[in-house]
Amino acid sequence: MKLKSDDLNRLIISRLSDLNIPSDIRVIIPPGEGYDAAVFEIGGVKYVAAVDPALSVPPDHMGFLAYHFTAQDVAVAGGRPEIVFADILLPENLSLIHIS
């Protein structure tokens with residue numbers, strides 16, 4: 001299920017204001033087809049980030065592969081994997097009450 005824009009803002013984006021996200025983020029290389037990582041700069045420091053869902057893998061290998069799929073995208077882009085981003089895919093029939 002893809003969240004509608006107003007639901008995304010209400011359930012997720014509105015809660016991010018407490019994270020003190022810097023306002024000087026500059027995207028240097030955006031992700032694109034065949035290139036899963038992005039390179040961006042914050043306060044003069046360059047970062048490489050990637051998120052890659054582990055789809056169609058056996059549940060007992062999910063954690064291992066969720067990390068390594070993303071880590072290899074960062075490494076291929078010249079970065080060093082240090083932080084893991086979670087890509088949470090929910091069933092289509094899940095109600096918004098479960099998300100909040």
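**Close-up views of a predicted model**

**View 1. The β2–β3 hairpin.** β2 and β3 form a hairpin, with two residues between the strands. Gly 43 sits in the turn and has a positive phi of about 55°. The model shown here, as in every view, is predicted. β2 covers residues 37-42 and β3 covers residues 45-50. The two strands pair in the antiparallel sense, over six bridges. Phe 40 has Tyr 47 in β3 as its bridge partner. Ile 42 has Val 45 of β3 as its bridge partner.

**View 2. β2 and its pairing with β1.** Strand β1 spans residues 25-29. Four bridges join β1 to β2, and the two run antiparallel. Ile 25 stands opposite Ile 42 in β2. Ile 42 also has a bridge partner in β3, namely Val 45.

View 3. Which elements each supply at least two residues of the lining? They are β2, β3 and α2. By class, the lining divides into 13 nonpolar residues, one polar and two charged.

**View 4. The surroundings of Gly 79.** Gly 79 is placed in the loop between α2 (62-76) and α3 (96-99). Leaving aside residues up to four places away in sequence, Gly 79 touches Val 48 and Val 74. Ala 49 lies 30 residues from Gly 79 in sequence. In space, the C-alpha atoms of Gly 79 and Ala 49 are 8.2 Å apart.

**View 5. The whole chain, for orientation.** The secondary structure comes to three helices and three strands. Along the sequence, these elements follow the pattern α-β-β-β-α-α. The protein has 100 residues, of which 16% are buried. Among contacts with a separation of 6 or more, 35% are between residues 24 or more positions apart. The accessible surface comes to about 7700 Å². Carbon and sulfur atoms account for 59% of that surface.

Key:
Residues are numbered from 1 along each chain as its sequence is written. This is a predicted model: local features need pLDDT of at least 70, side-chain atom pairs count only at pLDDT 80 or more; totals for chains, interfaces and linings use all residues. Side-chain values use heavy atoms; hydrogens and water are left out. Contact means heavy atoms within 4.5 Å. Buried means under 20% relative accessible area, exposed over 50%, partly exposed in between (1.4 Å probe, protein chains only). Accessible areas come from the Shrake-Rupley method with a 1.4 Å probe; for residues, only the protein chains shown count as cover. Ala, Val, Leu, Ile, Met, Phe, Trp, Tyr, Cys and Pro count as nonpolar, Asp, Glu, Lys and Arg as charged, and the others, Gly among them, as polar. Two strands pair if DSSP finds at least two bridges between them.
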